[in-house]
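Welcome! Take a moment to look over the sequence and the model, and then we will walk through some of the features together.

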Amino acid sequence: MSEPVVEAVDVAKWLGKGAAQVQALKGVNLALRGGELTLLMGPSGSGKTTLLSILGCMLAPTRGTVRLCGCSTEGAGPEALARLRREHVGFVFQTYHLFPTLTATDNVRLALDVRGENSARAVAKANDALAMVGLAHKRDAFPLELSGGEQQRVAIARAIVGQPSTVLADEPTASLDGENGNAIMTLLAEIAKDSARGVLVVAHDTRILRFADRVVHIEDGCIVGERRGDAALEKDKSDCAVPS
Amino acid sequence: MSLIYRLASRNLLHDRLRFVATVVGIVFSILLVTVQLGLYLGFGRIVTTMIDHASADLWIMPPGTKCFEDPSTLDERTRFQALSINGVAQAAPVVIGYAEWRIPAGGTFPVFIVGSDLREGGLLPWNLVEGSLEALVIPGAVAVDRSYFDRLGVDGIGANAEIRGQKVEVRAVTNGIRSFTTTPYVFTTLDRARAFTGTAANKATYFLVRVTPGADVESVRRRLKANLSDVDVLTAAEFRDRSRSFWLFGTGAGFALFAGALLGMIVGTVIVAQTLYSSTKDHINEFATLRAIGSSGIYIHKVIICQALISAIIGFCLAAAMGLLAVAATANTALPIVMTPTLTLVLFFLTLAMCVVSAIAAILQVTRIDPVMVFTR
């Protein structure tokens with residue numbers, strides 16, 4: 001089995017202060033491997049987003065360890081965490097978070113610009129990423145000129161343009177209709193086929209179960225169940241099928 | 001090109017009204033600073049006009065003389081003592097003082113008399129546009145500047161008036177010799193100046209020393225100081241500095257001008273800081289997204305500083321254009337606003353500094369951004 005691209009070991013997190021303090025995560029262990037799309041499911045307030053934030057180096061755990069591509073985030077300050085994010089993590093958000101004043105190309109290029117990558121090369125890579133998500137013809141469009149599905153594709157292009165080892169998606173289909181939701185999940189599943197890249201999708205929508213290689217259930221800050229996803233089962237079936 | 005400039009410019013132009021308000025704030029703030037500092041320079045120049053136009057290597061004056069307009073007097077003996085000192089080629093007496101100009105049509109007006117010996121020079125009128133210096137030997141002849149014709153109730157060569165009960169006639173007209181006070185300069189001969197100001201015949205206000213060719217001015221000054229008692233001996237540059245210092249700082253005028261300039265800077269800084277802060281607040285989601293996708297704090301600070309610099313450059317260009325109009329409009333007034341290349345450069349860097357300082361509040365705000373907020377908005 002390949003090394004995890006990101007791994008949480010006994011991660012606990014308390015949020016808030018004083019009487020309002022709550023324990024959002026209670027000793028979570030989770031490893032995300034390359035070539036795998038993991039679906040993280042659970043009810044509201046179960047700690048999904050907190051776990052996603054910790055795996056994505058946005059939040060530091062109160063206890064436990066997170067290792068990203070083998071590097072521990074322990075003791076890392078905000079700038080060190082930012083460096084880990086820009087080098088190893090791509091994010092896809094529920095509400096896209098595109099820059100309304102930038103074109104699709106520039107929105108994607110931004111992920112490379114923050115790394116200080118050469119402009120011409122960054123533009124070429126951004127256009128390649130847009131072509132990969134099927135939006136080569138929309139590269140000069142501004143977010144408001146794009147549909148919700150197209151905006152999410154631009155966000156996915158931004159997440160993958162820097163070749164991160166981990167793509168973390170927070171309810172990427174929640175703002176989309178079924179058809180667009182399926183298209184986005186198909187794209188993420190495609191991205192997860194790269195054995196060097198793991199994809200974690202936080203979702204409520206059970207219709208996307210079929211895209212998952214693994215499904216992890218979280219409740220009340222604890223992982224309560226884990227099973228192989230429909231996509232993995234399909235793969236298993238096709239691997240076992242006797243050729244006619 | 002990095003996206004920093006594009007992000008900054010589009011953030012600014014996203015809310016055009018606020019951008020216009022920012023630029024207007026910068027323009028008026030910098031214009032105020034330009035006018036104040038321009039007036040400071042103009043004032044500094046105009047208070048030394050007479051010293052600048054005198055043909056003197058050294059000025060001998062009564063001790064403690066604060067400025068050119070200080071009408072204390074020296075004895076003629078001092079002049080002869082000075083002339084006996086090695087290295088002194090000439091010690092031209094100059095008499096100055098206030099007098100009352102009686103207008104032929106009635107009424108009086110204060111004037112400032114400047115009298116020199118026409119043969120020895122010293123401090124003679126310049127920029128003559130009518131009449132001649134030689135004409136000043138004619139009894140009662142004076143030279144006045146044409147910008148004061150209305151006040152003096154004259155209309156050119158041949159016009160008559162009265163000073164201290166003596167008839168005077170305009171025989172030479174100058175252009176651009178203006179006083180920073182409302183008192184016009186009236187040039188005449190040494191003796192007539194004494195008569196107009198009530199100065200004794202053996203007295204003079206200054207002795208303007210020309211050193212012999214090849215003599216060292218500083219050595220001559222040392223000798224003059226050693227041999228003359230109860231006088232100050234200053235080079236033209238020193239007298240200029242002393243006069244400027246008296247008028248600008250002794251009277252508080254310079255402080256007032258600087259205080260105005262400082263106020264302009266403070267107002268500009270507050271306006272730019274306020275608009276940058278609110279702009280940053282409006283784009284806080286975008287800055288949080290930048291942080292979430294891994295941008296460094298410095299990258300975000302650069303975006304904000306770039307916004308400040310764009311505002312500064314546009315604001316400065318407009319302010320400089322308006323400043324040049326103000327310079328042109330005041331060029332022929334008693335107190336012109338002066339704009340020099342150095343002042344322009346200083347103002348440009350002041351504008352940049354003001355806008356960058358203004359960005360601090362916005363930078364502090366984004367420094368506190370928690371990237372996790374992208375999941376909740």
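How much area do chain A and chain B bury between them, and what share of it is on carbon and sulfur atoms? In this predicted model, the two chains bury about 2,500 Å² between them, and 62% of that lies on carbon and sulfur atoms. On the chain A side, H97(A), F99(A) and T101(A) supply 23% of the area that chain A buries against chain B, more than any other three residues. In terms of contacts, 28 residues of chain A touch 24 residues of chain B.

Polar and charged groups take part here too. Between chain A and chain B there are eleven residue pairs in polar contact, with both residues at pLDDT 80 or more. The elements of chain A that each give two or more residues to the side touching chain B are α1 (48-55), α2 (78-88) and α3 (104-113). That side of chain A is made up of 14 nonpolar, six polar and eight charged residues.

Next come the salt bridges. Side chains of opposite charge can pair when their charged atoms come close. Over all chains the count is 29 salt bridges, and two salt bridges are found across the interface of chain A and chain B. Here are two examples from the model:

| Salt bridge | N to O distance |
|---|---|
| D106(A) and R6(B) | 2.5 Å |
| E87(A) and R83(A) | 3.8 Å |

The pair D106(A) and R6(B) joins side chains from chain A and chain B. How far apart are E87(A) and R83(A) along helix α2 of chain A? They are four residues apart in that helix, so about one helical turn separates them.

V20(B), V24(B), F28(B) and M322(B) make a nonpolar surface patch of about 340 Å². Helix α2 of chain B (residues 16-46) gives the largest share of this patch, three residues. V24(B) is found in that helix.

Key
Residues numbered from 1 in each chain as written. Chains lettered and ligands numbered in written order. Predicted model: local features only at pLDDT ≥ 70, side-chain atom pairs only at ≥ 80, totals over all residues. Heavy atoms only, no water. Contact = heavy atoms within 4.5 Å. Buried area = accessible area lost by both parts, 1.4 Å probe. Salt bridge = Lys/Arg side-chain N within 4 Å of Asp/Glu carboxyl O. Polar contact = N/O pair within 3.5 Å; in protein donor to acceptor, adjacent residues only side chain to side chain. Nonpolar A, V, L, I, M, F, W, Y, C, P; charged D, E, K, R; others polar. Patch = residues over 30% accessible without salt bridge, like charges linked within 9 Å, V, L, I, M, F, W, Y side chains within 5 Å. Areas by Shrake-Rupley, 256 points an atom, 1.4 Å probe, with all protein chains shown as cover.
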